Each structure stands twice: as structure tokens, then as C-alpha cells.
Amino acid sequence: MHTELYTSRGGKVPFNLPDQTATVGTGQRVDFFPAGSFPIVDLKEFLYYLKFTLSQDGIVQDVKYVYFWIAPTNVVHIPMAYALSSAYCRQGPGQDYWIVTAFEPGKELRLVA
């Protein structure tokens, strides 16, 4: 099994993990790492994916991908709102004022005050 690490934008991340080899009979399985662990350290917050390529006698048999997110450790919750219908923000109260901006249905809005 050959393992590669990429960012979600497709950039390959240097990753020092030697190819894993095992002899497996029909219906058997091999666990290379204990459940829930994988030797990756020092990644910055971002979306990544691991690409596992399984080969037999030099011929690729299967390729699997595992996506994961490294989240920031000091996350501050930012309240969000979503426009349910078209919304217009005007310079003042009422329709007599100029439209400053508009939001389409489903637009995500960050609440700041």
C-alpha cells in the first residue's frame, strides 16, 4: 500500500511514510495502524485528503481517499444568519431610501452587531 497526503487544492504535502507491505489471504484483513491513529504531525488548519493505493505485483488494484479537516484550536463561535428570501439593505428605514446591497435566498450572513 502506498500512501500520499494532499491539500484539498491538490497540492502534495511532504509525508514520510514508507510503503506498507503485507501478505493477506482471501477474506483476511491487515490493520497497519491502531484504530483511530495515523502518524501525521505538524499540519496547519486546512482540509486534506489521504490517497491510499493498493497494488499487487506492481499492478494497481484499488485506490481509496480519506478526507479530513484540521480545525483551529482557538475557535471563536461567530453567529451566522441565512437569507430566507431576497433581502434589500437600504440607507435608511423604508423603501424611499437607496438600496446599499441585496442578498439572494440562502446567502450566508455573518452577524457582527
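Start at a hairpin: select strands E3 and E4, which have 2 residues between them, and look at Asp57, where phi is positive, near 55°. Keep in mind that you are looking at a predicted model.

**Stop 1: the turn**

Stay on Asp57 for a moment. This residue sits in the loop between E3 and E4. Its phi of about 55° is positive, although Asp57 is not a glycine. Why is that worth a look? Most residues other than glycine have a negative phi.

**Stop 2: along the hairpin**

E3 covers residues 46–56, and E4 covers residues 59–70. How many bridges link E3 and E4? There are 11, and the pairing is antiparallel. You can check two of the partners yourself. Select Phe46 and you'll find Ile70 of E4 standing opposite. Then select Tyr49, whose bridge partner in E4 is Tyr67. If you're wondering what holds such strands side by side, strands of a sheet pair through backbone hydrogen bonds, either parallel or antiparallel.

**Stop 3**

Now look at E1, residues 2–7. Towards E3, E1 is joined by 6 bridges, running antiparallel. Pick Thr7 to see one of the partners: Tyr48 in E3. Towards E2, E1 has 2 bridges, again antiparallel.

**Stop 4: two salt bridges**

Keep Lys12 selected and show side chains. Which residue does the Lys12 side chain meet in a salt bridge? The partner is Glu4, with an N to O distance of 3.0 Å. The two ends of this pair sit in contrasting surroundings. Glu4 is buried, because its relative accessible area is 12% and buried means under 20%. Lys12, with 55%, is exposed.

How many salt bridges does a search of the whole structure find? The total is 2. For the other pair, select Lys64 and Asp62, whose side chains meet at 3.5 Å, N to O. Asp62 is partly exposed, with a relative accessible area of 31%.

**Stop 5: inside**

Hide the surface and select Leu5, Val13, Tyr48, Leu50 and Phe52. Together these 5 residues form the largest nonpolar core. Strand E3 gives the largest share of this core, 3 residues. As background, nonpolar side chains tend to be buried together in soluble globular proteins.

**Stop 6: outside**

Bring the surface back, and select Leu47, Tyr65, Tyr67 and Trp69. They make a nonpolar surface patch of about 470 Å². Which strand supplies the largest share of the patch? That's E4, with 3 residues. Click on Trp69, which lies in E4. Trp69 counts as exposed because its relative accessibility is 54%.

**Stop 7: a loop residue**

Now find Val41, in the loop between E2 and E3. With a relative accessibility of 64%, Val41 counts as exposed.

**Stop 8**

Finish at Ile99, in strand E7 (residues 99–103). What does Ile99 contact, leaving aside its neighbours within four places in sequence? The answer is Tyr88, Cys89 and Arg90. Ile99 and Tyr88 are 11 residues apart along the chain, and their C-alpha atoms are separated by 6.4 Å. Ile99 is partly exposed, because its relative accessible area is 42% and that falls between under 20% for buried and over 50% for exposed.

Terms used:
Residues are numbered from 1 along each chain as its sequence is written. This is a predicted model: local features need pLDDT of at least 70, side-chain atom pairs count only at pLDDT 80 or more; totals for chains, interfaces and linings use all residues. Side-chain values use heavy atoms; hydrogens and water are left out. Patches are made of residues with over 30% relative accessible area and no salt bridge: like charges are joined within 9 Å, nonpolar side chains (Val, Leu, Ile, Met, Phe, Trp, Tyr) within 5 Å. Accessible areas come from the Shrake-Rupley method with a 1.4 Å probe; for residues, only the protein chains shown count as cover. A salt bridge is a side-chain nitrogen of Lys or Arg within 4 Å of a carboxyl oxygen of Asp or Glu. Helices (H or I, at least four residues) and strands (E, at least two) are DSSP runs, numbered from the N terminus. Buried means under 20% relative accessible area, exposed over 50%, partly exposed in between (1.4 Å probe, protein chains only). A nonpolar core is a set of buried Ala, Val, Leu, Ile, Met, Phe, Trp, Tyr and Cys residues joined through side-chain atoms within 4.5 Å. Two strands pair if DSSP finds at least two bridges between them. Contact means heavy atoms within 4.5 Å.
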